[in-house]
Amino acid sequence: MLTTGEGELMKEIFSFNSSEFTKDENILQHFGVRGRNLMDLAALGIPILPGFILTEAFLDEEEEAKEDHKAKYAKAFEKMGGILEKRWEADNPLLVKLVVSPTLNMVHTFSSIHNVGLCDTTIEGFSNFVGKDFAYHEYRGLLLRVMALELLTATDHSRRKLLERTRKELEKSRATDEIQKALVKVKGIYPAEIFENAGDQFAFIKNLFQKMFAGSETLGDSAILVQAMTFGNYGKDCFFGSYTTRDSVTGKNVITGKFFPNAFDATEADGKPIEKISKIYLDKLKKIGKQLETSYREIRNIKFNIENGKMWIIDQSSVPGKSAQAEIKTILDLLDQKVVDDTYAIMNIQPGRLQEILHPIVNQASAEKIPSVTGGISGAMGAAVGRVYFDTESLMKAYRLASQHNTNDTFILAMPSTYAEDVKAIEVSTGVISRDGGYASHAPVVARSLGKVAMVNPEIQFGKGTMKIGKKTIKEGDWISLDVPSYDDPTIYFGTVELIEPDIEKSGLLDFLDVVQRQIGDFDVHANADQPKDAKLAKKFLADGIGLCRTEHMFFHEKRIPIFRSLIIAQETSERKKILDKLRKMQEADFTSIFEVMGEKPVTIRLLDAPLHEFLPHSRESMQEFISFYKKEHPKVTDAEIRLRCDMTSEVNPMLGHRGVRVAITYPEIYRMQVEAIFQAVYKLRKTKGIVCQPEIMIPIVMTPREVKTVRYGKKIEGFEIIGVRQIEEELREKLNEEPLDYKVGTMVELPAAALLAGKIAAYADFFSFGTNDLTQTCLGLSRDDFNSFFTDYNEYDLLDKNPFQYLQEPVKELIGTATERGRFVRPDLSCGLCGEHGAEPENIPFCMEAGLDYVSCSPYGIPVAKLTIAQLNIKNQQAG
């Protein structure tokens, strides 16, 4: 409600320019969103084009004060013309645009009309500057917009028909003589004065806007901006240009863009790099860019005209296509300048966008004309280019040949599904495509751990040496490209695209993480890391430790896997021990490297978990390779015998079969070897380098407290004995003559039975780590490798909203909460974390914090995303009090 004083004030025309503006909030509230933005620019001293604002109150009394308003319009136009050295109705005519300025920031179907004042009496003068063809093109555009505006409110059927028919004819006209002919019909349906007098034309168009406001529920209180127009093609020393306040891809603090001499816009001519413009203009553009970036606290895109040597900013907006790197570098610069604080910096970056910095992204300009298909499931974010191969043997052969001949060695692996033997191919590939499974299936999990790109597409049909997606058939060796974003469905391009490679050191990410870390409290992020390089990357990303070191992944290397396969099919204990001696040295070296990288941070090592059959050959070629390897040491064993032993380890349901702690009970020597290697490594580092490690030994897939007790403390039965972790450590310490060190033994909770028996298990466990991939499978009864065959149907009928292997479901959350509560009732200092693939998903982290967990653990590339999510939640909680 306006006060009497405000009401009178609002009945005036408000002229504005770079030196005439208001900051009075009582007035600004009546200017609408666009009017307020113009006042902000003027207050900064930005060279905006002059104009005036018509408020709702002014427009409401138009009829009553027609003559008074006419005089005020004349005065306002005279002021505008004086600044531009133009006049209303003259040989050098002043042209204006009328723009709707709504009270709320909203998109409307009709927001502006340009070139008002261009009519029969001014077009010749305008033509003298811009050329006849351009002048009539603009005249045509003005009248098309006038008819479109009237159509929004016209109710008379015959009038609408006439407008639509006339508009269509004018729209078809392109050449100047065609436009002049079409104008005759346009003049037949409108008052003659709007073609003869610029002032009458302005009044007519203004009235059309008022009529639109009267019929709208959302625009009734809008203002109208009337602003002068300038042209980059108006003669000598005229330019149009567009630039961003810094490089919107790299974030480099240098303006980038183009300018177009004697051109109306970017379509008129070939542009020149903005840095080539005259220094006097370049310095002004830099200063303006700095002002706007500081004021809006983000990269801005700025359009400008230079008319007769005078610069005007005609538009400025946010940059929708800016990279995450550019956004972060901008925020960091603003932080250094004390324009923003830590809270602003952290809260204004979306966690998911950090994925762009960690992986290559597609240069979209290079992909515009390349055929593609979109669909499937994003497994590991990023982009990749390579020649596609459909099995590990073919890809490895191509890789070796490329290495020998020093030719291009970028490859993409595409298979129905992958196993342990395929890890070597994933490792040398740039990306992997699978058909079976989903986000938490083998190929995406391995790809995430190796920093590769992965996607799953259930629609792929594999043939002999071919892969068919939709109607497109790809042959082995063809070039393809993958684009797997965090925010959209993945795309396969049938050809090569240009990639923008990440540079973590130069991206600003590490500096940004330092800022984020200042808002990290007790709840932090650990890493899933199986190799020293993973640990180094995790440490770079400020991981608070390693929450999951999957020892089975250490055996996937092509030189190790045949040794481990030999262990699996060995029939004598003596042979197993001989093989274990080889593996112990490898494991000790692995653990030493990882412990050394992490220093005194906790490192949770999961003892062997994967089903044994997963390590065995799954193709004819890999079986033949293993047979050749095994027979070198066992020449008397036949090929058939080796195949039989492998077949005998296969299981109907291996994920619930012979794996994890069950292997420790059947073959206790395997876990003994791993535990010895762990303690050998930590004692060695303490003695030789003074590093006091924090080893945490994790027992997987437990279902009862007796399993944990047996592995930790050992057990004897008649004729047999399982030596526990405690005894193994004591014996080794005595042998090495070392002092005791602190270590923990805990369990991975991945079965509902373990969650429900958490109180009893906690009596023997120092920590719980919730393995939510398997906990989701066993709680919901869903196979992560098969559920995609029906997930789409469930999603369509609202039976499952989201992928349960990416987003924690309510029953799984309840098991985690219950287990944490029961475990801590028995052991108050029980450490609890989540180490499934759910750990890096921002949507899951609030629950983990509320449930009382101490950390989430995820692949190194997920750490920045998780860290930022945690920092934002902490800030929100602080702000909520």
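**View 1. Helices α23 and α27 cross in this predicted model.** Here α23 passes α27 in a right-handed crossing; a crossing is right-handed if the near helix is turned clockwise from the far one by less than a right angle, and left-handed if anticlockwise. Helix α23 covers residues 573-598 and helix α27 residues 668-689, and they pack at an angle of about 40° with their axes 8 Å apart. Axes are lines fitted to C-alpha atoms, for helices over the stretch in contact, and angles run from 0 to 180 degrees between N-to-C directions. The two helices, α23 and α27, are therefore oblique to each other, given that angles under 35 degrees count as roughly parallel, over 145 as roughly antiparallel, 65 to 115 as roughly perpendicular and the rest as oblique. The residues of the contact of α23 with α27 comprise eleven nonpolar, four polar and eight charged. For these classes, Ala, Val, Leu, Ile, Met, Phe, Trp, Tyr, Cys and Pro count as nonpolar, Asp, Glu, Lys and Arg as charged, and the others, Gly among them, as polar. Helices (H or I, at least four residues) and strands (E, at least two) are DSSP runs, numbered from the N terminus.

A note for all the views: residues are numbered from 1 along each chain as its sequence is written, and side-chain values use heavy atoms, with hydrogens and water left out. Because the model is predicted, local features need pLDDT of at least 70 and side-chain atom pairs count only at pLDDT 80 or more, while totals for chains, interfaces and linings use all residues.

**View 2. Helix α7 meets α8.** Helix α7 (residues 132-151) packs against helix α8 (residues 157-172) at an angle of about 155°, and their axes are 10 Å apart. That makes α7 and α8 roughly antiparallel to each other, and α7 passes α8 in a left-handed crossing. From α7 come R140, L143, L144, M147, A148, E150 and L151, which meet R159, R160, L163, E164, T166, R167, L170 and E171 in α8; contact means heavy atoms within 4.5 Å. The residues of this contact of α7 with α8 are seven nonpolar, one polar and seven charged.

**View 3. Helix α7 also meets α11.** The axes of α7 and helix α11 (residues 198-214) come within 9 Å and cross at roughly 35°, in a left-handed crossing. Look for L142, V146, L149 and E150 in α7, which meet Q201, F204, I205, L208, F209 and M212 in α11. By class, this contact of α7 with α11 has eight nonpolar, one polar and one charged residues.

**View 4. F595 and F768 sit in the largest nonpolar core.** A nonpolar core is a set of buried Ala, Val, Leu, Ile, Met, Phe, Trp, Tyr and Cys residues joined through side-chain atoms within 4.5 Å; buried means under 20% relative accessible area, exposed over 50%, and partly exposed in between (1.4 Å probe, protein chains only). This core has 149 residues, of which F595 and F768 touch the most other members. Helix α27 gives the most to this core, with eleven residues. Not counting residues up to four places away in sequence, F768 touches T747, V749, A758, I761, A762, A819, G823, L830, S831, C832 and G833. A second, separate core of 64 residues includes F52, L144, A154 and I205.

**View 5. Helix α20 packs through its buried residues.** In α20 (residues 509-517), the buried residues are L509, L510, F512, L513, V515 and V516. Their packing partners are α13 (324-336), α14 (342-347), α15 (354-358), α21 (532-540) and α36 (863-880).

**View 6. R550 is a buried arginine in strand β25.** The strand runs over residues 546-550, and R550 counts as buried at 6% relative accessibility. Leaving aside its neighbours within four places in sequence, R550 is in contact with V445, S449, N528, D530, R606 and E837.

**View 7. N115 has a positive phi, and so does L542.** Most residues other than glycine have a negative phi. N115, which is not a glycine, has a phi of about 65°; N115 lies in strand β4 (residues 112-116) and is buried, with a relative accessible area of 3%. L542, also not a glycine, has a phi of about 65°. L542 is placed in the loop between α21 and β25 and counts as partly exposed at 26% relative accessibility.
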